[in-house]
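Colleague: Before I plan anything around this protein, could you take me through the model with me asking and you answering?

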Amino acid sequence: MTTYSSNPDGTVSEAELAYLRRRAAGGFGLVVTAASYVHPTGKAFDGQWGCHDDSMLPSLAAAAGVVHGGGALACLQIHHGGRACPSRLCGGGPWSASAIAAEREGAETPEAMTEGQIAETVQAFAEATRRARSAGFDAVEIHGANTYLLQQFVSPHSNRREDAWGTDRLLFASQVVDAVLDAADGMAVGYRFSPEEPHSPGIRWPDTAALIEMLAESPLDYLHLSTWDFRQGSLHGSFDGSTLGHVARAVGGRKPLVGVGKVLSHEDAEECRAAGADLVALGRAALLEPEWPALARAGGPYRTRLPRTGAAESLTWPSGIAERAYAGSWFELEQEPQPD
Ligand SMILES: Cc1cc2nc3c(=O)[nH]c(=O)nc-3n(C[C@H](O)[C@H](O)[C@H](O)COP(=O)(O)O)c2cc1C
């Protein structure tokens, strides 16, 4: 999870190292880092950390080191924000498949990437993978979800190109997968994707079925579905039942599948597994309970609400995430103490 707390030069901060160290020691099997930009044009948030240059190697090695120190495996999530990058962060007009702005207020209109920029970006994913390997990571996860550049090439909203990158909207993703697998040289590689988009035109189930087919037939090590709630169904009524179950059937056991979204308790995790996940990922629960796996083994109880005060210190949160958690709608607040 992005913590919005890296140093302005893209290196990981001391507060982020403390955050990672505590969770790795809390019993998680694999710690997937926050999205890390592979190219200077891919920085999407203030306080995002980078893997875009060899000068980031000590920072990457420090992150992998604290995760290993806590006893977990370390996976670097590699990312390019595409049209989601504000020009003030990414050094100019953001890049995307086509010059179409996202459907949100204030969205900037990106530049349609040239052949050269596409090749440079594919290469940047490969270089980031090489850096992850030399920094000691056990895996990289290609961030193909949550509206960022890889998803923008898959989507008919953001990709209206008439060249090969548009007539085959999976081409960019497949080239990135090939380049990353090549650079990984045996290190594990996963791919995260979002199954549907709300807007029209947008990604619909047939697009995702084709993407899954491509990914499941590649030598990738795992797939990671991105959903806000693992129980959610199709946004467009395209299938019955949960999206997780539908995706699991499409994957058909060819790759381990990670399920995620609103898993707060051990019972939720069991339900997520029964719905089709081979592995269960925790986002917000790991913010609220850094020692969640240890608590799960002990049978709970779990904190499921945000403490009214003191979360940043007691839960080892970097300031960027603490500010947003209190400003946003990710959590319900703990009840006020009742008078006796
Ligand atoms: C603060 C915050 C930061 C996130 N950062 C990332 C990220 O860097 N990469 C990513 O793939 N998903 C990111 N997500 C999405 C989560 O990985 C996850 O899919 C989502 O929060 C649902 O799972 P949960 O209910 O366990 O939190 C983020 C979510 C939140 C709330």
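Colleague: Leaving aside its neighbours within four places in sequence, with which residues is Leu 149 in contact?

Modeller: Please keep in mind throughout that this is a predicted model. Leu 149 belongs to helix H5, which covers residues 149–154, and with 0% relative accessibility, under the 20% limit, it counts as buried. Once neighbours within four places in sequence are set aside, its contacts are His 80, Gly 81, Gly 82, Trp 95, Ser 96, Met 113, Thr 121 and Phe 172.

Colleague: What distance separates the C-alpha atoms of Leu 149 and Asp 53?

Modeller: Leu 149 and Asp 53 stand 96 residues apart along the chain. In the predicted coordinates, the separation of their C-alpha atoms is 19 Å.

Colleague: How many helices and strands does the protein have, and what is its radius of gyration?

Modeller: The protein has 14 helices and 10 strands. The globule rule gives 20 Å for 340 residues, and the computed value is close to that, so the protein is as compact as a globular protein of that length. The radius of gyration itself is 19 Å.

Colleague: What percentage of the residues in the protein is buried?

Modeller: As context, the C-alpha atoms fill a box of roughly 70 × 50 × 40 Å along the principal axes, and the protein exposes about 14000 Å², of which carbon and sulfur atoms supply 51%. Among contacts with a separation of 6 or more, 68% come from residues 24 or more positions apart. Of the 340 residues, the buried share is 57%.

Colleague: Turning to the ligand, how many residues surround it?

Modeller: The closest residues are Thr 2, Gln 77, Arg 192, Lys 262 and Arg 284. By type, the shell around the ligand divides into 8 nonpolar, 7 polar and 3 charged residues. The number of residues that surround the ligand is 18.

Colleague: How far does a polar side-chain atom of Arg 284 lie from an oxygen atom of the ligand, and what percentage of the ligand's accessible area does the protein cover?

Modeller: A backbone N or O atom of Ala 35 lies 3.1 Å from a ligand oxygen atom, and an N or O atom in the side chain of His 143 is likewise placed 3.1 Å from an oxygen atom of the ligand. For Arg 284, the distance from a polar side-chain atom to a ligand oxygen is 2.6 Å. On its own the ligand has 590 Å² of accessible area, and the share that the protein covers is 91%.

Colleague: Is His 79 buried or exposed, and which residues does it touch?

Modeller: His 79 lies in strand S3, residues 73–79, and its relative accessible area of 0% is under the 20% limit, so it is buried. Not counting residues up to four places away in sequence, His 79 touches Ala 35, Ser 36, Tyr 37, Val 38, Gly 42, Ala 44, Gln 48, Phe 125, His 143 and Tyr 148.

Colleague: Which backbone oxygen does the side chain of Thr 208 reach?

Modeller: Thr 208 is found in helix H8 and, at 2% relative accessibility, it counts as buried. Not counting residues up to four places away in sequence, it touches Phe 193, Ser 194, Pro 195 and Ile 203. At 2.5 Å, its side chain reaches the backbone oxygen of Pro 195.

Colleague: Is Asp 185 buried or exposed?

Modeller: Asp 185 is found in the loop between helix H7 (171–184) and S7, and it has a positive phi of about 50° although it is not a glycine. Its relative accessibility is 59%, and since the limit is over 50%, Asp 185 counts as exposed.

Key: Residues are numbered from 1 along each chain as its sequence is written. This is a predicted model: local features need pLDDT of at least 70, side-chain atom pairs count only at pLDDT 80 or more; totals for chains, interfaces and linings use all residues. Side-chain values use heavy atoms; hydrogens and water are left out. A residue is near a molecule or strand if one of its heavy atoms lies within 4 Å of it. A polar contact is a pair of N or O atoms within 3.5 Å; within protein, one must be able to donate a hydrogen and the other to accept it, and residues adjacent in sequence count only if both atoms are side-chain atoms. Accessible areas come from the Shrake-Rupley method with a 1.4 Å probe; for residues, only the protein chains shown count as cover. Ala, Val, Leu, Ile, Met, Phe, Trp, Tyr, Cys and Pro count as nonpolar, Asp, Glu, Lys and Arg as charged, and the others, Gly among them, as polar. Helices (H or I, at least four residues) and strands (E, at least two) are DSSP runs, numbered from the N terminus. The radius of gyration is taken over C-alpha atoms; the globule rule is 2.2 Å times the number of residues to the power 0.38. Buried means under 20% relative accessible area, exposed over 50%, partly exposed in between (1.4 Å probe, protein chains only). Contact means heavy atoms within 4.5 Å.
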